[in-house]
Amino acid sequence: MRKSVCSIGYLFIVLLISAGFLCSYHLGKEKADDNTGTAVETDADGKVQFVLGEENGKVLVLLEDGCTVYEYTDIPVGNLPENIQNEITAGKCIENAAELYSFLENYSS
């Protein structure tokens with residue numbers, strides 16, 4: 001009798017520990033998803049604004065604050081037309097996500 005009560009107690013403890021790990025995993029995953037940059041601030045018109053910059057010779061997409069990285073790209077700045085290179089050096093503004101992804105699609109290879 002005592003053996004079965006101990007076995008049930010151990011099983012219950014293992015289940016509680018497993019449930020705790022599962023809950024902490026899901027909470028951590030939700031926090032990580034919140035920090036990935038998928039939620040983007042919008043301007044008064046509901047449009048997202050981005051700034052294109054350069055890092056290590058590649059195009060870098062920043063949020064409108066000019067500091068927060070939205071996306072790293074593999075697009076070499078040196079392969080872009082000269083006028084686009086100059087705009088990126090100056091901080092080319094992109095008004096919405098559709099325009100951003102159109103730019104990225106046109107210039108990525």
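**Note on the predicted model: sheet, helices and selected residues**

1. Leaving out residues up to four places away in sequence, Lys 92 touches Phe 50, Val 51, Leu 52, Glu 87 and Phe 103; a contact here means heavy atoms within 4.5 Å. Lys 92 is found in strand 4. Helices (DSSP runs of H or I, at least four residues) and strands (DSSP runs of E, at least two residues) are numbered from the N terminus. Lys 92 counts as buried because its relative accessibility is 19%; buried means under 20% relative accessible area, exposed means over 50%, and partly exposed lies in between, with a 1.4 Å probe and protein chains only. The side chain of Lys 92 also makes a polar contact with the side chain of Glu 87, at 2.9 Å. A polar contact is a pair of N or O atoms within 3.5 Å; within protein, one must be able to donate a hydrogen and the other to accept it, and residues adjacent in sequence count only if both atoms are side-chain atoms.

2. Basis of the values. This is a predicted model, in which local features need pLDDT of at least 70 and side-chain atom pairs count only at pLDDT 80 or more, while totals for chains, interfaces and linings use all residues. Residues are numbered from 1 along each chain as its sequence is written, and side-chain values use heavy atoms, with hydrogens and water left out.

3. Confidence. The mean pLDDT of the protein chain is 79, and 72% of its residues reach 70 or more; pLDDT is the predictor's confidence in each residue, from 0 to 100. Over residues 35–41 pLDDT stays under 50, and for this stretch the model has 6 contacts beyond four places in sequence.

4. Overall composition. The protein chain has 3 helices and 4 strands, arranged from the N terminus as α-β-β-β-α-β-α. Of its 109 residues, 19% are buried. Among contacts with a separation of 6 or more, 41% are between residues 24 or more positions apart. The accessible surface comes to about 8,100 Å², and 56% of that area belongs to carbon and sulfur atoms. Accessible areas come from the Shrake-Rupley method with a 1.4 Å probe; for residues, only the protein chains shown count as cover.

5. The 4 strands form an open sheet in the order 3-2-1-4, with antiparallel pairing. Its edge strands are strand 3 (69–76) and strand 4 (92–94), each of which pairs on one side only. Neighbouring strands are turned by 30° against each other on average, direction ignored. Two strands pair if DSSP finds at least two bridges between them. Strands of a sheet pair through backbone hydrogen bonds, either parallel or antiparallel.

6. Strand 1 (residues 50–55) and strand 2 (residues 58–63) run antiparallel and are joined by 6 bridges; Leu 52 has Val 61 of strand 2 as its bridge partner. In the loop between these two strands lies Asn 56, a residue other than glycine whose phi is positive, near 55°. Asn 56 counts as exposed because its relative accessibility is 72%. Strand 2 and strand 3, also antiparallel, are joined by 4 bridges, and the partner of Leu 62 in strand 3 is Val 69. The hairpin of strand 2 and strand 3 has 5 residues between the strands, and there Gly 66 takes a positive phi near 80°.

7. Helices on the sheet. Helix 2 (residues 82–90) lies across strand 1, strand 2 and strand 4, and runs at about 100° to strand 1. Helix 3 (residues 97–107) lies across strand 1, strand 2, strand 3 and strand 4, at about 25° to strand 3. Axes are lines fitted to C-alpha atoms, for helices over the stretch in contact, and angles run from 0 to 180 degrees between N-to-C directions.

8. Ile 94 lies in strand 4 and is buried, with a relative accessible area of 1%. Ile 94 and Phe 50 are 44 residues apart in sequence, yet their C-alpha atoms are 5.0 Å apart. Thr 73, in strand 3, counts as buried at 11% relative accessibility. The side chain of Thr 73 reaches the backbone oxygen of Val 59 at 2.5 Å and the backbone nitrogen of Ile 75 at 3.4 Å. Apart from neighbours within four places in sequence, Thr 73 is in contact with Lys 58, Val 59, Leu 60, Val 61 and Leu 104.
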